[in-house]
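Me: Got a model open here and want to go through a few side chains. Can you take my questions as they come?

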Amino acid sequence: MPSAANTHTVAQLLEMTQADLDTLFTESEPGPIPDGEGAGTAIVAPGTTFSPKIASFINHFAWQGKIFDAKSGLLRNLILPFGLSAIIAKVYRAPSWLDKKDCIVLDYSETSLLAHWIRDEIRMISPNLYLGKVFWGRTV
């Protein structure tokens, strides 16, 4: 679990390269499965000056975060400008496709027609802050 000395911020993550983000992900533990609403930030074009602008655009118009229900092992995404609760995923622990170590998987393959090809993996990088890795269309 991350220590207080390893506290990261979203602003710091938006400045990191993909290699830096992957290293941070592989060096982190899964932490507990989140429970409740969590804000989200999409990191697109990591390490470029465009990343914060793209993240802001996505947050305002497409995706704001997720609502986790740890007890049921499900989540719903908050989408669109008004925060519609939709696009369900199963949430469970499993080996990461990136490094084969334990992570928290957000699996849309059986719960969403719209996002059935997406698998997110998350690990806790600071208290109450998770870093995710998104896989599109890959199967085990």
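Me: Arg93: buried, partly exposed or exposed?
Reply: Partly exposed. This is a predicted model, and Arg93 comes out at 40% relative accessibility.

Me: What does the Arg93 side chain meet in a salt bridge?
Reply: Asp102. The N to O distance is 3.1 Å.

Me: And how accessible is Asp102?
Reply: Asp102 has 36% relative accessibility, so it counts as partly exposed too.

Me: How many salt bridges in the whole structure?
Reply: The search finds 6. Another one of them pairs Asp99 with Arg123, with the closest N and O atoms 2.8 Å apart.

Me: Where do Asp99 and Arg123 sit?
Reply: Asp99 is in the loop between β4 (84–95) and β5. Arg123 is in strand β6. They are 24 residues apart, so the pair links distant parts of the chain.

Me: Is Arg123 buried or exposed?
Reply: Buried, at 0% relative accessibility.

Me: What about Glu121, which partner does it have?
Reply: Arg119, in a salt bridge of 2.9 Å, N to O. Glu121 is buried at 0% relative accessibility. Arg119 is at 10%, which is under the 20% cut-off, so Arg119 counts as buried.

Me: Switching to helices. Which residues of α2 are buried?
Reply: Leu21, Leu24 and Phe25, in a helix that runs over residues 18–26.

Me: Why are they on the same side of α2?
Reply: Because they cover an arc of only 100° around the axis. An α-helix has 3.6 residues a turn, so residues three or four places apart point the same way.

Me: What covers them?
Reply: The cover includes α1 (10–15), plus strands β5 (102–107), β6 (118–126) and β7 (129–136).

Technical notes:
Residues numbered from 1 in each chain as written. Predicted model: local features only at pLDDT ≥ 70, side-chain atom pairs only at ≥ 80, totals over all residues. Heavy atoms only, no water. Buried < 20%, exposed > 50% of the residue type's maximum accessible area, 1.4 Å probe, protein only. Helix = DSSP H or I, 4+ residues; strand = E, 2+ residues; numbered from the N terminus. Arc of directions from axis to C-beta. Contact = heavy atoms within 4.5 Å. Salt bridge = Lys/Arg side-chain N within 4 Å of Asp/Glu carboxyl O.
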